[in-house]
Amino acid sequence: MRTGLTFYRRLSQIAFIAVFALIPVFDLFRYDTATHEFFLFGRVWTLGLKEGFAADPSAAGALSVTAQFILNAVLPWIAFLAVFPLMGWLTGRLFCGWACPEGALFELADFLTLKLTGRRNLFVRRQQEPDRGTPNRVAYGLLALLSAVVIPLAGGVALTGYLIAPKTIWHQLAAGQLSFGVKAGIIGVAIYMIVTSVLVRHVLCRFVCAAGLMQMLFGWASGRSLRLQMDVARISECTDCKACDKACFMNVTPRRHRRDISCVNCGACVDACNRELGNGRGLFHLGFGTGCALPEENCRKLAPNTIQR
Ligand code: SF4
Ligand code: SF4
């Protein structure tokens, strides 16, 4: 069988986590609480106003200040705010499923909970749980313990770097002398990560995360966004194995074949059905509008005129 979508999704998640951690290191986007400077793409961002600009009472002076303000403050802010609605309009909740570091963390928590308890989540009951195999519970217990310590602390260091210069944090860590700000940042983020990944997980993605909600809203409203689709003409080939239901960590029932705002276009159900019916014979694919985008095998073997929204 060829590599499924999940393999590429894991690569994408790892790559984005690396990018997310490196952004403040290279001053691509961070605010320095010590110097009160905002860094953007390696440079200190300013309004670009010349010293003494307020002393110029002329119309030309006022016009120049207004233009600088619009160019350097209003437009970049609008562009920043438009990122998630635009992504939602074009790709639905693809970012949530393929890039979001928090989503990846919740999936890891699902995986470890499943291996240890046979259920993906102890607080949310699901009709279908994935098979957990016969795991070595001691090994998974140790892995869970290690993850619960290392990942939140690493996340704390990375995220605190958005407010305190990463070099300062590393020096303090190396010297073993942490300032109050660094301690508060790392501990605060670590506690947040532990609490959300133990208690809340994908409920936060569905109902709280602003980036997720914007993608959800615009993806749902868009007629052309990327979404999960089903080859309904071949529904009789379904063996009712329920592998698609079990694969979905967002608790969507893919066979309902309706636009579900919780779907993050992860493709886990696509892979599950391809495993059951044979590569390229699965009933699901990802597509834009009425088109078919991925996986290629499913697109090629899709019966003509069967794509429905
Ligand atoms: S329905 Fe399929 S593509 Fe959507 S979130 Fe669930 S498993 Fe992923
Ligand atoms: S994985 Fe495919 S064959 Fe199995 S229940 Fe889902 S749609 Fe049917």
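Visitor: Which residues in α5 meet which residues in α7?

Guide: Ala-148, Ile-151, Pro-152, Leu-153, Gly-155, Gly-156, Val-157, Leu-159 and Thr-160 in α5 meet Val-182, Gly-185, Ile-186, Ile-187, Val-189, Ala-190, Met-193 and Ile-194 in α7, where contact means that C-beta atoms, placed from the backbone, lie within 7 Å. The residues of this contact divide into 13 nonpolar, 4 polar and no charged, with Ala, Val, Leu, Ile, Met, Phe, Trp, Tyr, Cys and Pro counted as nonpolar, Asp, Glu, Lys and Arg as charged, and the others, Gly among them, as polar. The model is predicted, so that local features need pLDDT of at least 70 and side-chain atom pairs count only at pLDDT 80 or more, while totals for chains, interfaces and linings use all residues. Residues are numbered from 1 along each chain as its sequence is written, and chains are lettered from A and ligands numbered from 1 in the order in which they are written.

Visitor: At what angle do the axes of α5 and α7 cross?

Guide: Two packed helices are described by the angle between their axes and the distance between the axes. The axes of α5 and helix α7 (residues 180–200) cross at roughly 130 degrees and come within 8 Å, which makes α5 oblique to α7. Axes are lines fitted to C-alpha atoms, for helices over the stretch in contact, and angles run from 0 to 180 degrees between N-to-C directions; under 35 degrees counts as roughly parallel, over 145 as roughly antiparallel, 65 to 115 as roughly perpendicular and the rest as oblique.

Visitor: How do α4 and α5 pack?

Guide: Helix α4 (residues 101–117) and helix α5 (residues 137–160) have axes 9 Å apart at an angle of about 155 degrees, and the two are therefore roughly antiparallel to each other. α4 passes α5 in a left-handed crossing. On the α4 side the contact is made by Leu-105, Leu-108, Leu-112, Lys-115 and Leu-116, and the α5 side includes Arg-137, Tyr-140 and Ile-151. By class, the residues of the contact of α4 with α5 are 8 nonpolar, 2 polar and 2 charged. Helices (H or I, at least four residues) and strands (E, at least two) are DSSP runs, numbered from the N terminus.

Visitor: What is the strand order in the open sheet?

Guide: The 3 strands have the order β1-β2-β3 with antiparallel pairing, a pair requiring at least two DSSP bridges. β1 (29–32) and β3 (43–45) stand at the edges with a single partner strand each, so one side of each is left without a neighbour in the sheet. Strand β2 (residues 37–40) pairs with β3 over 3 bridges, and Phe-38 stands opposite Trp-45 in β3.

Visitor: Which residues are closest to ligand 1 and to ligand 2?

Guide: A residue is near a molecule if its C-beta atom, placed from the backbone, lies within 6 Å of it. Ligand 1 is surrounded by 13 residues, the closest being Cys-248, Val-252, Cys-263, Cys-266 and Cys-269, and its shell has 11 nonpolar, 2 polar and no charged residues. Around ligand 2 there are 13 residues, the closest being Cys-238, Cys-241, Ala-243, Cys-244 and Cys-273. The shell of ligand 2 divides into 8 nonpolar, 1 polar and 4 charged residues, and α11 gives the most to it, with 4 residues.

Note on methods
Left-handed = near helix turned anticlockwise from the far one by under 90°. Contact = placed C-beta atoms within 7 Å.
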